[in-house]
Amino acid sequence: MTNALTPMLKVDDIHVYYGAIHAIKGISLEVYPDEIVTLIGANGAGKSTTLNTIAGLLKPRSGSITFEGKTISGTPANRIVPQGLSMCPEGRRVFQQMTVRENLEMGGYTRPQNEIAGSLDEMFQRFPRLKEREKQIAGTLSGGEQQMLAMARALMSHPRLLMLDEPSMGLAPILVEQIFDIIRELHSADVTVLLVEQNAQMALSVADRAYVLETGTISMSGPAQELLHDDAVRKAYLGN
Amino acid sequence: MMFLSNLLGGISLGSIYAIIALGYTMVYGIAKMLNFAHGDVIMVGAYIAFCALQYWNIPPLLAVPLAMLVCTALGVTIEGLAYRPLRQATSLAVLITAIGMSYLLQNLALLIWGANPKNFPSALITLPALSLFGGELKVPGTTIVTILANIVIMIVLTTFTAKTKLGKAMRCVSEDRGAAELMGINVNRTISATFAIGSALAAIAGVLLCSAYPTLMPTTGSMPGIKAFTAAVFGGIGSIPGAMVGGILLGIIEILGKAYISTELGDAIVFAVLILVLLVRPTGLLGKPVHEKV
C-alpha cells in the first residue's frame, strides 16, 4: 500500500532521555499516506515513548521528526494537533469527570466552532454506543466504551494521521476484535494509522508494515505479513 | 436577635474567605500548586483601591475595576516569572517559591506604603444599613454587598467553567494535563488565565475585607489568606463549590466561636475544626476521593 513516494511522517534518528535514562537510542521510521504501520515490542522497549515524542509530549534530544514536510520535533503537542496529527494515548485518558459529549467537544478544541456539530454526528454514527451514552459522565463508562470514546475524541480533530497507543490494553477479547474492526474502518475512511500494540498478533494482522522495537532501537522492520511469519518474531512476540 | 446578627456577620466574613478560597482552589486544581502569595495579592488590591480613592481621586465605581486590573496583571506576572519556570520542578520547590513571593509582596508594600496602618475609606460601599424586625436587627451595608458579591461570583464562575471553551479547557488541564495538551489546549495559557481570574477575585476580596475591617497594612492579606486556604482545604481543595461552602462555614464558625466560646480562642477554634474535618474526611467536605492509579 505504499502508494506515495514521500512519507507522511518521517522520524529520523531520534534520541529521547528521561533524565539520565537513554530511552530511545536512535529510532528512524516512516509512515506513508494510507498505511497502517505498527510498532510492536516488549514492555519498556520504547514504543509509547516514541509515540509521545512524535505527539510533542516529549522532546527528542537529537534527531528530527517531519510531518507532511514540516519539522515538528520541538513543537509543543498543542500546536501539532491542528496540523492534522493526533494521538489516542495509552490508558485511554478520557476526561473522567466530563460527559461523553464534552470529551468529544474537547477533541475538537482546535477546530472552528461551526464544524464541531458535524463531526459530532459523524462520531455518533461511527460509534452508536457513544450516542447512547452522550450525556453520561465518562468515568462511568466501561473500559471498551472508554477506549471508543478516546478514539472518537482523537478523531474529532480531523487528523490525517492517527496514532493509537495500546488501544486493546485491558480489554476482553471480543472488545479487542471490535477495536481492530474500527481501526480497519478508519483506514478505509482515509485516515493513516500508526499503531502501538503489545498484542502483536492482532497488530500484525491489521497492519501493512511493522517495526519491532527492542530496548530503544529498531531491531527489525518489514511488511507485516512477513513479520507475522518470521520465526524470530513468532518466538519473541507471538509465543510460538 | 443577637444570634441572627452574629450569623449574618459570619456569613459575611465567610463570603470573603470564600472569594479568596476560590483563587486558592482554582490555582490548585489547575496548576497543582499552592499559591501562598495569593493572600498578599488581596492586600495589593486593597492598597490600589485605597490609593485610587484617597490620592488619585478616582470615582468609587472605577476604583474596584482598577484594583482588579492591577491584581490580574500582578497575578499573571507572578505566575509567568516565578512559577512557570518551575513547571517540571518538585512541588516543594514551587511551595517555597510561593512563600518567598508572599514575603516579597509584603515587603514591597512596606517600601511603597510604609508600615503605618491606613484607614480604608468607607466611601466605597455607601449602601445604608438594613433595619429588620423594627430596628432590632441592623444589617450593615457592607454585609449585604459582600454576601451578594459572593453569590454573583459563584454563579458566574460555575457557569464559566461549565459552559465556556476556556472554562472547559481549565477542567481538562485540571484532570489530565497531558491529555489536555493532546486536545490542542495551550496549558501555559490556561494556567495564566486561572491566575488572572483568581487575582481579580482577590482584588474584590481585598476591597470587601477592608470595607468591613478598615485597617490596611502590608500584612493585612496574610491571615485571611491562611484562613481562606484553610477554607479551601476544609471544603475540598480543587472544588469550586467546596471553596464556597468551606469559606462560609469557616466564617460562621469563627464569628460564633468568638461570640459564644472565647474571643481569644476564635482562630484556634477555626483551625481545630479543620483538623477534625480532615481526620474524618481527608479530602474535605466536597472533595473527591483520590484514585490511586495502579
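This is a predicted model: local features need pLDDT of at least 70, side-chain atom pairs count only at pLDDT 80 or more; totals for chains, interfaces and linings use all residues.

Reply: Residues are numbered from 1 along each chain as its sequence is written, with chains lettered from A and ligands numbered from 1 in the order in which they are written.

Me: How many helices and strands are in chain B?

Reply: Helices (H or I, at least four residues) and strands (E, at least two) are DSSP runs, numbered from the N terminus. Chain B has eleven helices and four strands.

Me: What percentage of the residues in chain B are buried?

Reply: A residue is buried if 20 or more other C-beta atoms lie within 10 Å of its own, exposed if 12 or fewer, and partly exposed in between; C-beta atoms are placed from the backbone. In chain B, 49% of the 294 residues are buried.

Me: How many residues of chain A are in contact with chain B?

Reply: Contact means that two C-beta atoms, placed from the backbone, lie within 7 Å. Here 20 residues of chain A are in contact with 13 residues of chain B. On the chain A side, α3(A) gives the largest share, three residues.

Me: Where does Leu110(B) lie?

Reply: Leu110(B) lies in helix α4 of chain B, residues 91–113. Leu110(B) is partly exposed, because 13 other C-beta atoms are within 10 Å.

Me: Which residues does Leu110(B) touch, not counting those up to four places away in sequence?

Reply: Ala115(B) and Pro218(B). Pro218(B) is 108 residues from Leu110(B) in sequence, yet 5.8 Å away in space, C-alpha to C-alpha.
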